[in-house]
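Subject: Structure handover

Hello,

Here is the structure I promised to pass on. Please open it beside this email as you read.

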Amino acid sequence: MSTSVVLIPTPAGAVRVTAPAPRGTWWELAEADASTRVTQTPAWLDCVCATGPYRDASRLYEFEDGRRLLLPLVARRQRPSWLGEEESWPGEWGIGGPVCPGPVGSTEARAVFDDLARRPANRIGVRFRPGDDEAWARSAPADFRSEPHTVHVLNLEGGFGTVWERRFHQGVRRGVRRAERSELEVEVDRTGRLVPVFYELFEQSIARWAKQQHEPLALARWRRKHVFPRHRLETVADRLGESCATWLAWRAGEPAAAIVVLRHGGQALFWRGAMNRELAHPTRANHLLQRLAIEDACAEGCRQYDMGGSLQGPSLARFKESFGTDALSSPRYVRERLPLYAADRGLRKAVRRAIRFQGY
């Protein structure tokens with residue numbers, strides 16, 4: 001892939017932009033930025049490109065004062081530029097946004113937005129991590145609209161003893177103790193061996209979600225597997241290696257519940273979960289799996305455990321809040337010249353109304 005280098009004039013001086021960003025520099029900045037998530041690493045970009053119609057479009061910004069900022073970005077392949085998309089990240093791939101040691105100033109944020117505004121793609125989207133949005137919100141041009149997103153993040157400072165005693169709600173501690181009395185067997189795998197078992201539970205969960213949401217089962221299966229196909233999980237497990245852990249609870253030899261937790265540096269991410277409700281709910285298997293994954297994150301020196309969003313409904317939000325998480329803003333800023341996504345969202349809403357779709 002050819003590399004382009006351009007100089008962009010700004011009021012604070014010229015900015016050198018290299019695309020795609022050099023991998024060595026990306027890893028260097030990711031290690032220097034303590035807030036970098038696994039979803040902001042080159043390994044994650046490789047997962048996105050390996051499982052979807054995307055190519056590396058990352059951009060490295062070098063300022064005259066020596067500061068460097070890297071924006072993970074992918075572009076959609078095989079589309080003319082006027083219909084193209086450049087996002088950080090697309091769809092269900094989570095938080096992207098800038099990687100930069102130290103706080104980002106308004107001048108730097110404005111330079112990045114100005115560069116993105118000039119991109120030929122029809123749609124530009126950047127999902128920011130919690131705590132990053134203040135400077136970007138002040139600097140966003142009028143044609144970049146903000147789409148609100150919330151993630152539930154658990155502070156791990158003080159170690160697991162502090163988290164257990166001071167942050168977990170009483171109901172969580174009670175649920176963990178119940179799980180420990182329920183003859184559950186738990187194993188953790190960091191090789192990808194348990195991916196087939198996890199995906200079997202995921203397919204079982206689809207039927208439960210479809211019933212709860214008043215959604216035809218065939219539509220639910222197509223939609224969920226389109227968003228999260230098995231080969232995506234296999235690719236993530238393969239490329240992240242030991243940084244991708246599958247925790248699985250068994251009951252009487254049957255898989256009851258499983259979660260996938262990713263890790264980079266001081267950041268852990270609960271990425272996916274699935275269960276057999278008839279086996280998992282009475283035993284509080286999910287409470288136990290989360291407890292063990294959080295304890296493991298503490299032991300590995302992680303400072304935060306990100307439990308993700310709760311678009312599925314208030315019950316999931318309450319579950320995550322019971323672990324003592326804080327609900328933090330993680331907005332996406334989007335510029336779209338042709339309102340293609342607005343039309344798509346309108347069609348999806350119409351279908352949901354027609355089938356009387358319900359959250360849960």
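This is a predicted model: local features need pLDDT of at least 70, side-chain atom pairs count only at pLDDT 80 or more; totals for chains, interfaces and linings use all residues.

Helix α11

Start with α11, residues 285-299. The helix has 15 residues. From its first C-alpha to its last it reaches 21 Å, close to the 21 Å expected at 1.5 Å a residue. Twelve of the 15 residues are buried, so α11 is largely enclosed by the rest of the structure. Among the buried ones are Asn 286, Gln 290, Asp 296 and Cys 298. Gly 301 follows α11, and its phi is positive, near 85 degrees.

Packing against α6

Helix α6 covers residues 170-180. It packs with α11 at an angle of about 105 degrees, and the two axes lie 8 Å apart. Angles of 65 to 115 degrees count as roughly perpendicular, so α6 and α11 are roughly perpendicular to each other. On the α6 side, the contact is made by Gly 171, Val 172, Gly 175, Val 176, Ala 179 and Glu 180. From α11 come His 287, Leu 288 and Arg 291. The contact residues divide into four nonpolar, three polar and two charged.

Strand β10 and its partners

Strand β10 spans residues 150-155. It pairs with β16 (residues 326-329) in the antiparallel sense, over four bridges. There, Thr 150 has Ser 329 as its bridge partner. β10 is also joined to β15 (residues 304-306), by three bridges, and these two run antiparallel. Leu 154 has Tyr 305 of β15 as its bridge partner.

Best wishes

How values were computed: Residues are numbered from 1 along each chain as its sequence is written. Side-chain values use heavy atoms; hydrogens and water are left out. Axes are lines fitted to C-alpha atoms, for helices over the stretch in contact, and angles run from 0 to 180 degrees between N-to-C directions. Angles under 35 degrees count as roughly parallel, over 145 as roughly antiparallel, 65 to 115 as roughly perpendicular and the rest as oblique. Contact means heavy atoms within 4.5 Å. Ala, Val, Leu, Ile, Met, Phe, Trp, Tyr, Cys and Pro count as nonpolar, Asp, Glu, Lys and Arg as charged, and the others, Gly among them, as polar. The expected span of a helix is 1.5 Å times one less than its number of residues. Buried means under 20% relative accessible area, exposed over 50%, partly exposed in between (1.4 Å probe, protein chains only). Two strands pair if DSSP finds at least two bridges between them.
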